Amino acid sequence: MNAGEKQRTPWIVGVSGASGTPYAAAVLRALLDAGESVDLVVSRASRLTLLDETGIAFRDAHWQDDLREWLARGADGKPGVFDTDVSAVEYWSAGDLAAGPSSGSYPAKGMLIVPASTACVAGVALGLSKDLLQRAASVTLKERRTLVVAVRETPLNGQTLRHLVALDDAGARVVPTSPAFYAGATHIQDLVDFVAGRVLDAAGVEHGLYRRWKGELGGGTPGE
C-alpha cells in the first residue's frame with residue numbers, strides 16, 4: 001500500500017447452507033450501496049441451497065458473473081430486478097484456509113453470517129474452524145470485532161439454543177431471521193429487506209431497507 005493510500009477494510013460476509021439466500025443477497029446489496037467493501041465466503045453447502053432456491057450454480061472460476069446474477073434477482077426469484085456493482089467484492093473460496101480472513105492481522109470491520117445454519121452456529125460456537133467461514137468467524141471473535149449471526153432454523157432445539165447463548169457470551173450479535181410486519185410489507189422483498197436491515201443495524205451500518213417504528217399506530221398500514 002502506497003503512502004497516503006486508504007487501507008481497504010471490508011465486512012466479511014459468510015453464507016452458510018441454511019435456506020435464506022435472499023437474505024444474504026439483500027445484505028450484500030445494502031453493504032455495497034452503502035459504499036462498503038465486502039469479502040465474500042460461500043460455503044459448500046450454501047452452493048446447493050443457492051442452486052435450489054435460485055437455479056444459480058455459484059462457481060469459483062466465474063464468481064463475479066454468478067454473483068451479479070444472484071444479486072440481480074428479487075426475493076421472489078424474478079431476474080433482473082436489481083443492478084448492483086460488485087467491483088468492491090473480494091471472493092474467497094471456503095476451502096482456502098490460507099485466505100486473508102483466516103488471520104487476525106487481516107484488516108476487517110467485522111463479519112456477518114447470513115443465513116447461519118445450525119451446523120454453522122455449532123461450528124463457530126465450538127471453535128471448530130472446519131472451513132474458511134468458521135475460521136473467519138473465530139478470528140472475528142478473538143479480535144473482538146463485530147460478529148452478527150443471522151440464524152435460520154425452526155424450531156430450535158436445546159443444543160442449538162446453548163450454542164447461540166455461547167455465541168452471545170462471546171460477544172456475537174444473534175439475529176433470528178424473523179421479519180416484522182409493522183413496516184407495512186406488501187411484497188416478499190419487504191419482509192426479506194426487514195431482516196437484512198436488522199442484520200445491518202446490529203453491525204452499525206446505515207441503510208434504508210425498511211420503515212422504522214416511530215411510535216405511531218397504523219403507520220405501516222398498506223396504502224399509507
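Colleague: Where is Tyr182 found?

Modeller: Tyr182 sits in the loop between S6 and H7. The labels H and S stand for helices (H or I, at least four residues) and strands (E, at least two), which are DSSP runs numbered from the N terminus.

Colleague: And what am I looking at?

Modeller: This is a predicted model, in which local features need pLDDT of at least 70, side-chain atom pairs count only at pLDDT 80 or more, and totals for chains, interfaces and linings use all residues. Residues are numbered from 1 along each chain as its sequence is written, and side-chain values use heavy atoms, with hydrogens and water left out.

Colleague: What does Tyr182 count as in terms of accessibility?

Modeller: Tyr182 counts as partly exposed, because its relative accessibility is 34%. Buried means under 20% relative accessible area, exposed over 50%, and partly exposed in between (1.4 Å probe, protein chains only).

Colleague: On to H7. How far apart are its end C-alpha atoms?

Modeller: They are 23 Å apart. The helix has 16 residues (188–203), so at 1.5 Å a residue it should span 22 Å, which agrees. The expected span is 1.5 Å times one less than the number of residues.

Colleague: What do the buried residues of H7 pack against?

Modeller: They pack against strand S1 (11–15), helix H1 (21–33), strand S4 (110–116), strand S5 (146–151) and strand S6 (173–174). Contact here means heavy atoms within 4.5 Å. The buried residues of H7 include Val192, Phe194, Val199 and Leu200.

Colleague: What comes just after H7?

Modeller: Gly204, which takes a positive phi of about 80°.

Colleague: New topic. How many aromatic pairs are there?

Modeller: The whole structure has 7. Rings of Phe, Tyr and Trp (its six-membered ring) pair if their centres lie within 6.5 Å; planes under 30 degrees apart count as stacked, over 60 as edge-to-face and the rest as tilted. One of the pairs is Phe58 with Trp70, edge-to-face, at 6.5 Å centre to centre and 85° between the planes.

Colleague: Where in the chain are Phe58 and Trp70?

Modeller: Phe58 is in the loop between helix H2 (44–54) and helix H3 (63–72), and Trp70 is in helix H3, 12 residues apart. Phe58 is buried, with a relative accessible area of 4%, and Trp70 is buried at 3%.

Colleague: Why is the pair of Trp92 and Tyr106 edge-to-face?

Modeller: Because their planes are at 90°, with the ring centres 6.2 Å apart. Trp92 lies in strand S3 (residues 89–93) and Tyr106 in the loop between S3 and S4, so the pair ties together parts 14 residues apart in sequence. Both Trp92 and Tyr106 are buried.
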